[in-house]
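Here's a quick briefing for anyone meeting this structure for the first time. Have a look at the sequence and the 3D view, then read on.

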Amino acid sequence: MSLTLRIDPDQVARARALARRITAEVQPFIEAHTTTAIERAVVRLFGVEGKGPDEVPLPNLVVEALADGGGLDRGAAFWMANACARTGQTPQQVAEAVASGRLDLMQVPLLPEEQIRAEAERLARAALARIHRNRRTREELIARYGERPGPWLYLIVATGNIYEDVVQAQLAARQGADVIAVIRSTAQSLLDYVPEGATTEGFAGTYATQENFRIMRRALDEVSQELGRYVRLTNYASGLCMPEIAALGALERLDMMLSDSMYGILFRDINPKRTLIDQHFARMIQAEAGIIINTGEDNYLTTADAYEAAHTVLASQFINEQFAHLSGMVDAQIGLGHAFEMDPAREDGLLYEMADALLSRTCFPNAPLKYMPPTRYMTGDIFMGHVMNALFNLASVATGQQIHLVGILTEAIHTPFLHDRFLALENARYIFNYARHFVQEFQLTPGGRIERRATEVLSRTVELLESIAGTGLFAAIADGVFAGIRRPPEGGKGLDGVLPRGEGYLNPFYDLCLKGGAER
């Protein structure tokens with residue numbers, strides 16, 4: 001890309017500094033608390049999977065037993081490590097004993113604390129070793145096959161049946177998709193447990209389970225070998241089980257995950273405190289796994305006007321970047337989201353769309369930005385929809401986007417058919433190839449519409465971040481700053497799963513991941 005957007009670097013630095021201040025004020029609260037989902041994630045990372053009585057997942061049974069006994073504030077790792085060291089059993093065997101009622105974790109005689117911590121660290125290192133092996137496997141495969149130039153074509157596949165998803169995902173890869181996203185069954189983000197096993201029923205999506213992750217990873221590895229290029233796998237890690245699903249994605253070599261607290265807060269009414277705490281742990285594990293996260297700022301423009309609210313997207317991107325850094329992520333893993341959602345009736349809308357996309361690219365030069373297609377103004381007119389997606393494709397390749405969610409002409413009518421996806425991929429491939437170096441022949445007009453738009457959005461972004469820094473992030477969310485949706489800090493789902501860390505709280509992953517104790 002050769003388009004150079006002239007914006008004030010001091011304004012960019014000011015925005016980043018304000019975002020750092022905003023997140024720094026929230027981080028002590030995050031670090032002083034844990035959640036039931038984080039503790040379940042620890043149990044899963046220790047290697048526990050499967051179900052107990054009444055089909056309840058074993059990690060839920062372990063954590064519920066500790067919560068009922070009043071010991072969860074010390075951390076599931078503390079009690080699991082003590083039981084494993086004392087009995088010589090594996091975490092899986094210990095969890096099964098808890099589920100059957102044969103073992104009460106809090107009645108197992110305590111070993112010296114240093115011995116418990118050593119056992120917890122051993123179990124955590126084993127989990128991280130598996131995650132790091134997955135990361136090396138991905139890197140080796142990409143090195144073997146090479147990397148296609150961006151934008152990567154990201155296509156959603158989700159029938160409800162994981163085995164049908166495999167057929168459609170492999171076909172999509174053969175048609176040119178670089179990234180396959182298996183979206184979750186409707187409202188899975190509101191479930192406070194992760195289903196077990198392969199699933200064949202879902203509504204507008206397929207359940208995210210560890211076994212489904214394994215099945216799709218295996219299928220994409222097969223088609224990657226067939227095509228001679230690495231096909232990436234994506235799923236969602238938002239909602240009440242964000243840390244658990246992030247852990248499962250790391251264990252089963254997912255490559256990208258939608259991982260953004262704001263999406264859950266605003267659009268699924270997950271409690272703000274719960275989801276910010278969960279996000280920190282989830283991204284920490286994803287950082288170790290080399291997973292690229294996708295954030296959800298694009299969703300703001302489905303409820304707020306894209307022309308008027310572009311600064312809220314950019315402000316959120318700056319905040320999301322800083323939260324990701326606090327979880328140990330590097331810029332190359334931070335797939336900040338934005339979208340092509342301007343009203344098609346607006347004169348020069350394409351110029352404004354390019355201005356907004358270029359502004360994000362300029363502010364975050366090393367981030368693999370995720371660019372979303374038009375949805376808000378899609379109608380039953382499939383011909384107009386195809387044209388809108390073509391302009392979206394042009395804006396994407398012209399402004400150097402990296403992760404490009406393919407827009408489909410029947411977006412507003414039904415779950416797309418195979419042929420709809422084929423037409424969408426054909427449209428994108430045609431434009432990416434036909435206009436690959438188009439922008440290298442042009443320069444932006446100094447003081448022109450694109451530059452003026454970008455300067456205005458950046459200025460409003462700094463003003464908004466100054467306001468948020470003054471009131472605090474929780475107050476800003478409660479005031480409806482983002483997407484025009486108000487979410488109070490004590491409201492929403494999942495607050496009852498938040499608890500202060502007690503004296504002697506143990507979670508070895510924080511030290512191993514954030515303090516450099518784990519070898520990759």
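Helices (H or I, at least four residues) and strands (E, at least two) are DSSP runs, numbered from the N terminus. This is a predicted model, where local features need pLDDT of at least 70 and side-chain atom pairs count only at pLDDT 80 or more, while totals for chains, interfaces and linings use all residues. Residues are numbered from 1 along each chain as its sequence is written, and side-chain values use heavy atoms, leaving out hydrogens and water.

- Helix α10 covers residues 261-268, and six of its eight residues are buried, so the rest of the structure largely encloses it. (Buried means under 20% relative accessible area, exposed over 50%, and partly exposed in between, with a 1.4 Å probe and protein chains only.)
- The buried ones are Ser261, Met262, Tyr263, Gly264, Ile265 and Leu266.
- They pack against α9 (242-251), α11 (272-289) and α17 (473-478); contact here means heavy atoms within 4.5 Å.

- Most residues other than glycine have a negative phi, and most peptide bonds are trans.
- Asp269 sits in the loop between α10 and α11, and at 21% relative accessibility it counts as partly exposed.
- Asp348 also has a positive phi, near 65°; look for it in the loop between β8 (337-339) and α13 (349-363).
- Asp348 counts as partly exposed, with 29% relative accessibility.
- Gly150 and Pro151 are joined by a cis peptide bond, with omega at about -5°.
- You'll find Pro151 in the loop between α6 (113-145) and β2 (152-156).

**A buried strand residue**

- Thr234 belongs to strand β4 (residues 232-236), and at 0% relative accessibility it counts as buried.
- Leaving aside residues up to four places away in sequence, Thr234 touches several others, including Tyr154, Val179, Leu254 and Asn294.

**The whole chain**

- The chain has 18 helices and 11 strands.
- Of its 520 residues, 60% are buried.
- The C-alpha trace spans about 75 × 55 × 40 Å along its principal axes.
- Among contacts between residues at least 6 apart in sequence, 78% join residues at least 24 apart.
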